[in-house]
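Here's a quick briefing on a protein chain, written for someone just starting out. Have a look at the structure first, then read on.

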Amino acid sequence: MASTHRLTLRIASFCIAALGWSGAHAADVVITAERLLDVRAGRMIQQPEILVRDGRIVSVKSHAGAPASASASAPTAGDTGTRIDLPGMTLVPGLIDMHVHLDSDPTYGGYSYLEYNDRFWSALAVVHAGRTLDAGFTTVRNLGASDWNDVGLSQAIAAGKVRGPRIVPAAWSFGPTGSHCDSTYFPPSMEEKNPYNADGPDEVRKSIRELRKYGAQVIKVCATGGVFSRNTEPGQQQMNFAELRAAVEEANQWGMQVAAHAHGAAGIKEAIRAGINTIEHASLIDDEGIALAKKHGAWLSMDIYNGDYTAAEGKKNGVLEDNLRKDREVTEIQRQNFKKAHAAGVKMVYGTDAGVHPHGGNGKQFAVMVKYGMTPLQAIQSATINAAEALARKDVGVVEAGRFADMVAVQGDPTVDVRLLEAPAVVIQGGTVVKRSLP
């Protein structure tokens, strides 16, 4: 069996060199496996056969040729195209992380990052993108980057120049002067500040227009204080309703969505009332906030894994004691509130805040989500069909006709052991094998 795997994937790796990373394919590709997780129906499709053309799925059928779902109805490829056969393996849609920072590295904490030139972080972002893709995350939303690093990286990946996930970039995240999104570590003589600080609704609108102009595809605002800033507390509300509402109105006018960094209960509720699409962290959400999220259909993106990493490695990495203190205070409360919100039926997406923990470890959050109340299937859905819906995208998140042929393959059943998704054996992006790790 192992020799069959190696032979099949040698063929697939040849396709990588021949076809590049752009998703353009000279021939049809047929992908087969033991089973495929249909995240829409919540069931396994046995012996799937997936036809891919020009990087997108044309059809999904069972091995016997019967349609696997209502959306899969095109003919099979025949024997003229490239095959990627994965016997004994389970396919899952390419995973989506809704909250990453590709130009951040958690091993540089406190002030240690000042030893390096600004472009150091641009270079690291390329490495981090590759690790994220290898972890099975074929799409990410980058919620905050300095110096347009995520915009440039997304363009380089789309152009086929470097390998990495499809990126939805926010560029600079922002809030009012002195907020979590401002530069809060320096004295006034340094004149350090976020160039997109916005005080009042008019400044919020102007910042959004400039960010969109230079490549942002989603807007991230900081409604409350945070853990990894100075002179802010997670529970502090830092943007008022008028500012949050202006952000939503302006972004929506341009066809964009808004994500709000919001730990504190008051800021979470104002963000939901203002029409924010996703609430990031949501650590201190209260019962009223949970009810509001359910009523308004807001998505919660709760990074409930990374506290383990910060507790274990933060001090060694140079994280300041005040930041460690805030992380200790918030971590378990956030996890209990995740459990409560999920039980109440609030919509949830998968967001890890990678960059606070090492890139490539994105999949470690699945097990924590299961520990705090989700089934393995629900955790997987949060990183696939739910995330795609929250992004308002119909080209990722599900293995069905019309979407990108993004998939991961594992040996076993991830709906039984979700930890299998911590290190997928095979990653397919646009119908091309971009990572393989089989015996």
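What follows is a short tour of a strand, a pair of helices and a disulfide.

Keep in mind that this is a predicted model. The tour starts with strand β14, which is covered on both faces, moves on to the packing of helices α4 and α5, and ends with the one disulfide in the structure.

**Strand β14 and its partners**
- In a regular strand, side chains alternate between the two faces of the sheet.
- Strand β14 covers residues 407-410, with M407 and A409 on one side and V408 and V410 on the other, and all of them are buried.
- Strand β5 (residues 82-93) runs antiparallel to β14 and is joined to β14 by four bridges; here V92 sits opposite V408.
- Strand β15 (residues 426-429) also pairs with β14 in the antiparallel sense, over three bridges, and I428 of β15 faces M407.

**Helices α4 and α5**
- Helix α4 (residues 201-213) packs against helix α5 (residues 241-253) at an angle of about 35°, and their axes are 8 Å apart.
- The two helices cross in a right-handed way.
- Residues making the contact include V204 and I208 of α4, along with A246 and E250 of α5.
- Sorted by type, the contact has seven nonpolar residues, five charged and no polar ones.

**The disulfide**
- A disulfide is a covalent bond between the sulfur atoms of two cysteines.
- Here the partners are C181 and C222, with their sulfur atoms 1.8 Å apart.
- C181 lies in the loop between β8 and α4, while C222 is in strand β9, 41 residues apart.
- Are these cysteines buried or exposed? C181 is buried at 11% relative accessible area, and C222 is buried at 0%.

Methods:
Residues are numbered from 1 along each chain as its sequence is written. This is a predicted model: local features need pLDDT of at least 70, side-chain atom pairs count only at pLDDT 80 or more; totals for chains, interfaces and linings use all residues. Side-chain values use heavy atoms; hydrogens and water are left out. Buried means under 20% relative accessible area, exposed over 50%, partly exposed in between (1.4 Å probe, protein chains only). Two strands pair if DSSP finds at least two bridges between them. Axes are lines fitted to C-alpha atoms, for helices over the stretch in contact, and angles run from 0 to 180 degrees between N-to-C directions. A crossing is left-handed if the near helix is turned anticlockwise from the far one by less than a right angle, and right-handed if clockwise. Contact means heavy atoms within 4.5 Å. Ala, Val, Leu, Ile, Met, Phe, Trp, Tyr, Cys and Pro count as nonpolar, Asp, Glu, Lys and Arg as charged, and the others, Gly among them, as polar. A disulfide is a pair of cysteine sulfur atoms within 2.5 Å.
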